[in-house]
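Subject: Structure handover

Hello,

Here is the structure I said I would pass on. My notes on what was found follow below it.

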Amino acid sequence: VSFTGSTKTGRKVLESSAHNLAKVTLELGGKTANIVMPDANMDMALAAAVRTIFLNSGQICTAGSRLLLHESIKDEFLEKMLGVVRSLKVGDPFAPDTKLGPIVSAQQYERVMSYIEAGKSCGACVLTGGGRPTDAALAAGTYVMPTIFDKVTMDMPIAQEEIFGPVLAVMSFKDDDEAVAIANATDYGLAAALWT
């Protein structure tokens, strides 16, 4: 049995497979950290950070949903990132200029929106996005604007749980040890990236 999906469902698959001793391969959840050091090629790190969280509207197990920026480059990096992200077109996934299509289902859309609301209520700061597109043609769809949260702390659900949507949690660090501690402070270990 090969399964890709949530930890909760993966646990059920594993429990069910025990009865007949089936071999099981599970790919369960992710909370990928993109760590950007002060000596990184900022343009390359920026392109990767945008691509890894907003590709497929964040609906990828290895989506780069946590962005860890060295405090000395954070403001400059975020300014450039916001310029790029605000230009991403949300819409029909078959249109060649669309960068973010819809969320896979109404149920998942509601889940993503609940995480956005949780981020707001926990004190994280929405830098961009945080809701539906204003385009009336998309009003009936399950579209979410690319969302970037700043001032995220590791105790917040948006920093700990897989959202599976276009939601980025930004945190800063002052040195290597703090970057590693933040990157490792989650139950998920599917992928990570270091830009230096």
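This is a predicted model, in which local features need pLDDT of at least 70 and side-chain atom pairs count only at pLDDT 80 or more, while totals for chains, interfaces and linings use all residues. Residues are numbered from 1 along each chain as its sequence is written, and side-chain values use heavy atoms, with hydrogens and water left out.

Helices and strands

Helices (H or I, at least four residues) and strands (E, at least two) are DSSP runs, numbered from the N terminus. Helix H2 covers residues 42–54. The expected span of a helix is 1.5 Å times one less than its number of residues. For the 13 residues of H2 this gives 18 Å, and the end C-alpha atoms are 18 Å apart, so the two agree.

Buried means under 20% relative accessible area, exposed over 50%, and partly exposed in between (1.4 Å probe, protein chains only). In H2 the buried residues are Met42, Ala45, Leu46, Ala48, Ala49, Val50, Ile53 and Phe54. Contact means heavy atoms within 4.5 Å. The cover over the buried residues of H2 includes strand S3 (33–36), strand S4 (66–70), helix H3 (74–85), S6, S7 and strand S8 (192–195).

Ile53 lies in H2 and counts as buried because its relative accessible area is 0%. Apart from its neighbours within four places in sequence, Ile53 is in contact with Gly58, Ala63, Gly64, Ser65, Gly165, Pro166, Val167 and Leu168.

Helix H4 (residues 106–121) has 16 residues, which should span 22 Å; the end C-alpha atoms are 22 Å apart, which agrees. Its buried residues are Gln108, Tyr109, Val112, Met113, Tyr115, Ile116, Ala118 and Gly119. Among the elements that cover them are strand S6 (147–150), helix H5 (157–160) and strand S7 (167–173). Just after H4, Gly123 has a positive phi of about 105°.

Two loop residues

Most residues other than glycine have a negative phi, and most peptide bonds are trans. Ser57 has a positive phi, near 55°, and is not a glycine. It sits in the loop between H2 and S4, and it counts as buried because its relative accessible area is 1%. Phe164 also is not a glycine and has a positive phi of about 60°. Phe164 is in the loop between H5 and S7; at 27% relative accessibility it counts as partly exposed.

Cavity and pockets

Rolling a probe the size of a water molecule over the atoms shows where empty space is left. On a 1 Å grid over the protein atoms alone, a cavity is a set of points where a 1.4 Å probe fits but cannot get out, and a pocket is an open set with protein on both sides within 12 Å along at least five of seven lines; lining residues have an atom within 4 Å of a point. Grid points are joined across faces, edges and corners, and a volume is the space filled by probe spheres set on the points.

There is one cavity of 30 Å³ or more. The largest cavity has a volume of about 60 Å³. It is lined by 13 residues, and Gly58, Ala63, Ser65, Glu162 and Phe164 are the closest to its centre.

The largest pocket has a volume of about 370 Å³. Its lining has 15 residues, with Gly5, Ser6, Thr7, Arg111 and Glu162 nearest the centre. Helix H1 (7–17) and H4 each supply at least two lining residues, and H4 gives the most, with four.

The second largest pocket holds about 250 Å³ of space. Of its 14 lining residues, Phe54, Leu55, Asn56, Lys99 and Leu100 lie nearest its centre.

Cysteines

A disulfide is a pair of cysteine sulfur atoms within 2.5 Å, and by this rule the count is zero. The sulfur of Cys125 is 14 Å from the closest cysteine sulfur, in Cys122, which is too far for a bond. Cys125 counts as partly exposed at 30% relative accessibility, whereas Cys61 counts as buried at 10%.

Regards
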